[in-house]
Amino acid sequence: MQHLGSFFRQTIKRNFKRIYLPSRAADHTHTQLLAFRLGYKTTSTSHKAQHQHNLYKHTTVTMSFPISKTDAEWKSSLSAQEYDVIRNKGTEAPGTGEYNKLYPKADEGHFACRACKNPIYSATAKFDSGCGWPAFDKCYEGSITTEIDQTMGLKRIEIMCSQCGGHLGHVFEGEKFTDTNERHCVNSVSIKFVKGKPAEEKAEVKVA
Ligand SMILES: [Zn+2]
């Protein structure tokens, strides 16, 4: 005999699909997604439904930061490529960035957020990962905010400037490149090399 709870769930799912989604009844994935969001376990496309749920969630998350500007203000203060990467979380093509192959000495300067000048990485944090983007193994304490990013079917940790929310890139753990075992994969266009040390002395830490 079929379990009563299961019977009701199936009935609700069938009726939900038939009554409330007549024009989308053929869109199985969409139905699965709605079932997932209503708390039902789905089977054949559950992974896809979960992924779409997360995509939806990601695009609706709003975070606030100390430096706040309107979209129009950001657009006018950044180049088109900077705006695309920093505000729209884009990615520059691998091997093309201004700082991909730059390895300054410790006393030559540091890397700051291109959008708001917040100091983020020391010169010595930069290392060659061979991945095509600038790589850093630590950052100035408090300079970065992280968020789980589940776009593109991957679970990654997005890194953003803690002052303006500008997108920097992603951080990866456990690759054993350096002692911190952390790789910040950063768009050159998100940062700016600045001569000298940050105005305030800052400790360098891991974020993940
Ligand atoms: Zn910033």
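**Ground rules.** I number residues from 1 along each chain as its sequence is written. As the model is predicted, I take local features only at pLDDT of at least 70 and side-chain atom pairs only at pLDDT 80 or more, while totals for chains, interfaces and linings use all residues.

**Core.** I looked up the largest nonpolar core, and it has 26 residues. Such a core is a set of buried Ala, Val, Leu, Ile, Met, Phe, Trp, Tyr and Cys residues joined through C-beta atoms within 7 Å; buried means 20 or more other C-beta atoms within 10 Å, exposed 12 or fewer, partly exposed in between, with C-beta atoms placed from the backbone. Cys113, Ile120, Cys139, Cys161 and Ile191 touch the most other members. Elements supplying at least two residues each include α5 (80-87), β1 (109-113) and β7 (156-161). My helices (H or I, at least four residues) and strands (E, at least two) are DSSP runs, numbered from the N terminus.

**Sheet.** I found 3 strands in an open, antiparallel sheet, ordered β2-β1-β10. Pairing takes at least two DSSP bridges between two strands. The edges are β2 and β10 (191-195), each pairing on one side only. I get 5 bridges joining β1 to β10, and alanine 112 has lysine 192 as its partner in β10.

**Two lysines.** Most residues other than glycine have a negative phi. Lysine 89, in the loop between α5 and β1, has a positive phi near 60 degrees. I also noted a positive phi of about 60 degrees at lysine 176, in the loop between β8 and β9. Exposed or partly exposed? Lysine 89 is partly exposed, with 17 other C-beta atoms within 10 Å; lysine 176 is exposed, with 8.
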